[in-house]
Structures are given as structure tokens and as C-alpha cells.
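Subject: Handing over a structure, with notes

Dear colleague,

I am passing this structure on to you, and below it you will find my notes on what turned up when I went through it. Please read them with the structure open beside you.

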Amino acid sequence: MAKLKTVYFCQNCGSQFPKWLGQCTNCGEWNTLVEEVVEKTSTSKNYSGDKKQHIINIIEVNAQEEPRIATPSEELNRVLGGGIVLGSVTLIGGEPGIGKSTLLLQLALKMRKKVFYVSGEESASQIKMRADRLTDLQNPECYLFTETSVDKILHEAKKLKPDFIIIDSIQTLHSSLIESSPGTVSQIRECSGEIIKFAKETSTPVFLVGHITKDGQIAGPKVLEHMVDVVLNFDGDRNHLFRLLRANKNRFGSTAEIGIYEMISQGLKEIKNPSEILITKKFEELSGNAVAVTLEGNRPMLLEIQALVSTAVYGTPQRSSTGFDSKRLNMLLAVLEKRAGFQLGAKDVFLNITGGIKTDDPALDLAVVASILSSNEDFAISEKYCFAGEIGLSGEIRPIPQAEQRITEAEKLGYEKIFVSNLNKLPKRKFGIKIEEVGKIEDFHERLF
């Protein structure tokens, strides 16, 4: 009997080794090497008939726009760069229960096209129950298939000839050509390779759902993210309603755009204007609140920053932040104390970005400082004021990118005054909002209070 050919794969990075080692020499992780059978038949499947490729000079190639399928979701279209490209393979990753399957099922039910929905995790009755919960969504051309064998899936897809395919999830699939369990590095690589080949040869767009590890990375080999055309990350705090859809990789568009959804009992609802929802309609002005004009990709948004400054009861002052980098908060407090003379070293400082939003935009610095000073002096900032500026270590207020877009967004939402750096190069045109240009923290404090 012929001996099976086996090698050892690292379950963390996908590196291949001829023998077992305690530590992966590529990524440094311990006890991640698993033996897998890699001997497979040499049969090669052709999904597009006898289509031959020829060498061609780049000058002779006709450059043309990739045809796209517009989806009913404007937020998804924005993130994808205008719609689904024919033959593209899109990988969506995110925390368990964040809404990946709900997003794709809504897409399948809203599209007026033939959809092949494959699930290796749920039964057909479970999917139907979830579809019934998504009211007013019916697509007579949506076909379900609960299977984990990639050979059977592609065989049925070849017969059905759908307009696009949804597979939930890539970690549950297995190929008969590989002798290892589903979810292993070699199975994910083989299954995704077959699916991508089918998509390219038949021009059928495919959506893959991907599990993530406890570190937030998509489970399986990193080569999976290199093989697909688009990698989307669906994230958000499950204790809050908002979900953010970001593109980590996009061969057909920008990775700067984001889509914002709200999780409700009927599924995911698109948020057309997130600023109006994220800003609290206050009945009375309270100290410690400031509104920041941030930028998520190319999309301006207004966020509410809340700060609480109080005398430290215990020996060591506490520094806590939610949604904002705690190290940057410590830096801003040090700048306030060193450059502007505010005595904050013996006080507790708590900072929060409302709505469960997390962002690392440096333009939030000015709003963070404004909220801290407001709470420290117990003086409320007018709810008609907003802020956009980065603060340097010497206490200067630095310019920010795309200032005009931020000012226009604040103007559109009815704010009366915005504080920005005096180094920003603003256009000559007249804005409907008063622009306060400041250069130092001391100057900023005097004008604000």
C-alpha cells in the first residue's frame, strides 16, 4: 500500500514544514503545527469550456470599466466602490453574532436576481425563520443549499447558473481532494482556490463569510485574504446598535469608505446620516460635552465626546477612555499641564465617545481637550459649537486633512461655530458657519470660555 504524503502546516500563519516542530519558525507561535495529508489527484476541473489564454501586449489591451451589479444597499455599494463586480470574490469577516449572515441574507432577499445561498452552519428551516423575521423581503429566485462539500456546491452552482453566490462560511467547507478536517489551513486554501477559479471562469460574483480568531484576524491562512478581490470587516460593539462595514482590501475601488448600519429586530437598517443619530439632543447644556467633526474614510461624521474630571479620591489618579486611545488621552493631559498650565495631575479623567463608536482620527484632539476643560471648570460648551483639530506636543493646534468637507458637514447640521487650526488652507468662499481659527491651546481656551 502506497504511503500517504503528509506535511505539517502552521495553523496560525499557514507555513509548511516537512517535519513536526515545537515552534513555527515563521511566526514564532508554539504548538501550532498540525500534520495534514496533501496528496491529491491531478484532475483539473474546467468550468468555462475550452477557453484558452494567449500572450498579449499591454498596449493592445482595451481598458474598460468593470461591469457592476448595483445592490439595493447604498451603504454596501459605497464600500464596494459602486456595486458588485462580475467574477469578484468578496470575503466578509467579523465577530460572532455581529450580523454578517443577516447582511448577506438581506442582500439575497432584496436582489431581483437568481441567488445561490449556501450554508454549512444552519439548516434550511433556520435560514427561513430568519428570512421571515426580515419583513417585506421576498425573492422568488433565492435558492438554499445546506452542504459543506465544495465539490457538490460547485456542481450544483454549475447546473443552477446563478447571478451570484453566497457561502456561509468558508471555514465549514471541505474538499475530497484533501484528507484533513474542515477549517484547517490546507482545506481553506483548497476550497477557496476552487471557488475563486469557478468565479473567474464563469464571471459569477461570490460572497464568502469568514470566521475570525480571538485576535480579530480572519481564521485560516493569510493567503486567503491575498487570493480574494475584496476583504470587508464588519465590526461594532454588540452592546450598541451600530455596525460599521469597512473595506480592508478592494481591487475595484477605494478602501477609505465605510458603511453604517443599525441592528434592529427586523435586521440591519442603513444609516443615511449618522451624525444626527450619534449626537444627543440635550434638553439642558451640561459641562464636559463637546462635538467633534471626524472623518471615517471620505465620510464626515459628528461625534459627541463626554469627559468627567474629578478630584482623585485614591492616591493614584485614574485615566480611562472608551472609544478613544488611552495613550493619546495621557499625551493630551500632559500637554495641557505642561504647555497650558492646567493642574490635572491629581485628578481623575474619564472620557467616552457616545454610541459605541471607536475611532483614531487625530482631529478629535481639539474636542477631547474642550470636553476636559469644560468638565474641569464646570462650564458648559454651547451645543451649537463643534471642533476639528489635532494637537501637537508643544501645544500648537495642527491642520487636519479635508477641513472643507468637515466644515460643510457641520454647516449642514445647523452648527453656528467650528474651531479649527489657523494653519488650515480654507477656500475663499463664504461659509454659513462661523470659523474660529486658533493656533495655541491658550488661545483656544480664551476664545472658548
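At 1% relative accessibility, Glu75 counts as buried, where buried means under 20% relative accessible area, exposed over 50% and partly exposed in between, with a 1.4 Å probe and protein chains only. This is a predicted model, in which local features need pLDDT of at least 70 and side-chain atom pairs count only at pLDDT 80 or more, whereas totals for chains, interfaces and linings use all residues. Residues are numbered from 1 along each chain as its sequence is written, and side-chain values use heavy atoms, with hydrogens and water left out.

Salt bridges

The side chain of Glu75 meets that of Arg78 in a salt bridge at 3.8 Å, N to O, a salt bridge being a side-chain nitrogen of Lys or Arg within 4 Å of a carboxyl oxygen of Asp or Glu. Both residues belong to helix H1 (residues 74–80), where they lie three residues apart, about one turn of the helix; helices (H or I, at least four residues) and strands (E, at least two) are DSSP runs, numbered from the N terminus. Arg78, for its part, is partly exposed, with a relative accessible area of 32%.

Searching the whole structure gives 20 salt bridges. Among them is the pair of Lys272 and Glu270, with the closest N and O atoms 4.0 Å apart; Lys272 counts as exposed at 54% relative accessibility, while Glu270 is buried at 14%. Another joins Arg328 to Asp365, whose closest N and O atoms are 2.7 Å apart. This pair links distant parts of the chain, since Arg328 sits in helix H8 (residues 326–339) and Asp365 in helix H9 (residues 365–377), 37 residues apart. Arg328 is partly exposed, at 22% relative accessibility, and Asp365 is buried, at 0%. Finally, salt bridges link Lys417, Lys434, Glu436, Asp443 and Arg447 in a network.

Helix packing

In helix H4 (residues 150–160), the buried residues are Val150, Asp151, Ile153, Leu154 and Ala157. They cover an arc of only 165° around the axis, which means that they are on the same side of H4; the arc is that of the directions from the helix axis to the C-beta atoms. What do the buried residues of H4 pack against? Their partners are strand S7 (115–119), strand S8 (142–145), strand S9 (164–168) and helix H5 (185–202), with contact meaning heavy atoms within 4.5 Å.

For H4 and H5, the axes are 10 Å apart and the packing angle is about 10°; axes are lines fitted to C-alpha atoms, for helices over the stretch in contact, and angles run from 0 to 180 degrees between N-to-C directions. The two helices are therefore roughly parallel to each other, given that angles under 35 degrees count as roughly parallel, over 145 as roughly antiparallel, 65 to 115 as roughly perpendicular and the rest as oblique. On the H4 side the contact is made by Val150, Leu154, Ala157 and Lys158, and on the H5 side by Cys191, Glu194, Ile195 and Phe198. By class, this contact has six nonpolar, no polar and two charged residues, where Ala, Val, Leu, Ile, Met, Phe, Trp, Tyr, Cys and Pro count as nonpolar, Asp, Glu, Lys and Arg as charged, and the others, Gly among them, as polar.

Helix H2 (residues 100–110) and helix H3 (residues 124–133) have axes that come within 11 Å and cross at roughly 75°, and are therefore roughly perpendicular to each other. Here Ser101, Thr102, Leu105 and Leu109 of H2 meet Ile127, Arg130 and Ala131 of H3, a contact with four nonpolar, two polar and one charged residues.

Backbone details

Lys161, which follows H4, has a positive phi, near 55°. The peptide bond from Asp168 to Ser169 is cis, with omega near 5°, and Ser169 is found in the loop between S9 and H5. Ser203, a residue other than glycine, has a positive phi near 55°; Ser203 lies in the loop between H5 and strand S10 (206–210) and is partly exposed, at 43% relative accessibility. Asp378, again not a glycine, also has a positive phi, near 55°. Its place is in the loop between H9 and strand S19 (385–387), where Asp378 is exposed, with a relative accessible area of 60%.
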